[in-house]
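Dear colleague,

I am passing on the structure below, together with some notes on what turned up in it. Please look through it before reading on.

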Amino acid sequence: MALVLPLALPLQPRIRLAQVLWLLSWLLAVASSLTLLWSGHLLVQLWHLGTFLAPSCQFTALPQVALAVGAVALGTGLVGAGASRASLDAAQYPPWRRVLGPLLVAGTAGGGGLLVLALGLALAVPGSLDTGLEEGLGAAMSHYKDTEVPGHCHAKQLLDELQLRHHCCGCHGYKDWFGVQWVSSRYLDPGDQDVVDRIQSNVEGLYLIDGVPFSCCNPHSPRPCLQSRLSDPHAHLLFDPRQPNLNLWAQGCHGVLLGHLQELASTLGSMLVVTILLQTLVLLGLRYLQTALEGLGGVIDGEGETQGYLLPGGLRDMLKTAWLQGGVDHRPAPEEGPPEEAPPKEGLPEA
């Protein structure tokens, strides 16, 4: 069977291939190390923002897969650097000759599987992140008042820190706070007629006001913060709720976090592309170098003409041979019929 992508590799081209492969392997090790660091950074960011992501969000799987890709690529880079250096030394290559084949198979299978998984995540993650932030922020806002409820007692602190750190307010804007009860019932006066009227006028019995928490206030505004009665144009002097002159954060936390996480994911995606490209080149170079040296019986300084290749035979020929062999093996044998009896010989008439 014909070799797949054969390449003639005499002694000098083999030496140059080993030198280039050594350099590419160390570049792969550096790129995979950066991928590991950036994946860890994104994982830490998601851990801090876990309160604002829905449990069903698949975005958290992206840095985990990137960590696995980086680990496999780092191992491939170190193996490539060691094998390419050993291929220039007759005393160091024999131990590598026994393990290089299995390492190439493991690296190709692991890298290919992780590549398919990463591509699948790249298609599914954008919509999952958008929906996950929408649901997570909505749930956090609804639990803002539950400062004494186990499991939600830190929601107020985390949401206030989020709005102050990222300069955002609400999910899509400050008016999102008008639709949730963010004041705990513990601090409401049940004897106040205004409180009673607001609760009774709501179908779900919630105390809704046109106000926002203090963390929505922009400290750079020259005006004192306006937190309550934001829908009433006559409640405050020189105040018009229809004009964008509020001293509140203008952006919603959904858009801010979505842009922040997508930027981190975009950088990680670029690193993964470079890492996978370098890993592919290193694996191809190692395969050509290995098959070329195997053609010389492992003699690295042999002057004979040899060829490196990817596979020993064409895929079409391999499939055709397997099909033909299967057809021969499973072809039913003709049934044997009973032996035919010879016709009786007619006797000669007597004279």
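Is L27 buried, exposed or partly exposed? With a relative accessible area of 43%, L27 counts as partly exposed, where buried means under 20% relative accessible area, exposed over 50%, and partly exposed in between (1.4 Å probe, protein chains only).

Before going further, please keep in mind that this is a predicted model, in which local features need pLDDT of at least 70 and side-chain atom pairs count only at pLDDT 80 or more, while totals for chains, interfaces and linings use all residues. Residues are numbered from 1 along each chain as its sequence is written, and side-chain values use heavy atoms, with hydrogens and water left out.

As for the overall picture, the protein has seven helices and two strands, and along the sequence these follow the pattern β-α-α-α-α-α-α-β-α; helices (H or I, at least four residues) and strands (E, at least two) are DSSP runs numbered from the N terminus. Of the 351 residues in the protein, 36% are buried. The accessible surface, from the Shrake-Rupley method with a 1.4 Å probe and, for residues, only the protein chains shown counting as cover, comes to about 20,900 Å², with 63% of it belonging to carbon and sulfur atoms. Among contacts (heavy atoms within 4.5 Å) with a separation of 6 or more, 75% are between residues 24 or more positions apart.

Leaving aside residues up to four places away in sequence, S32 touches G70, A73, L74 and T275.

The whole structure holds four salt bridges, a salt bridge being a side-chain nitrogen of Lys or Arg within 4 Å of a carboxyl oxygen of Asp or Glu. One of them pairs R186 with E148, and the closest N and O atoms are 1.9 Å apart. R186 lies in the loop between α4 (155–166) and α5 (193–200), and E148 in the loop between α3 (93–142) and α4, so this pair ties together parts that are 38 residues apart in sequence. R186 is exposed, at 56% relative accessible area, and E148 likewise counts as exposed, at 53%.

Another salt bridge joins the side chains of D160 and K156, at 3.1 Å from N to O; both residues lie in helix α4, four residues apart, or about one turn of the helix. D160 is buried, with a relative accessible area of 5%, whereas K156, at 30%, counts as partly exposed.

In helix α5, D194 and R198 are also four residues apart, about one turn of the helix, and they form a salt bridge whose closest N and O atoms are 3.3 Å apart. Here D194 is partly exposed at 39% relative accessibility, and R198 is partly exposed at 30%.
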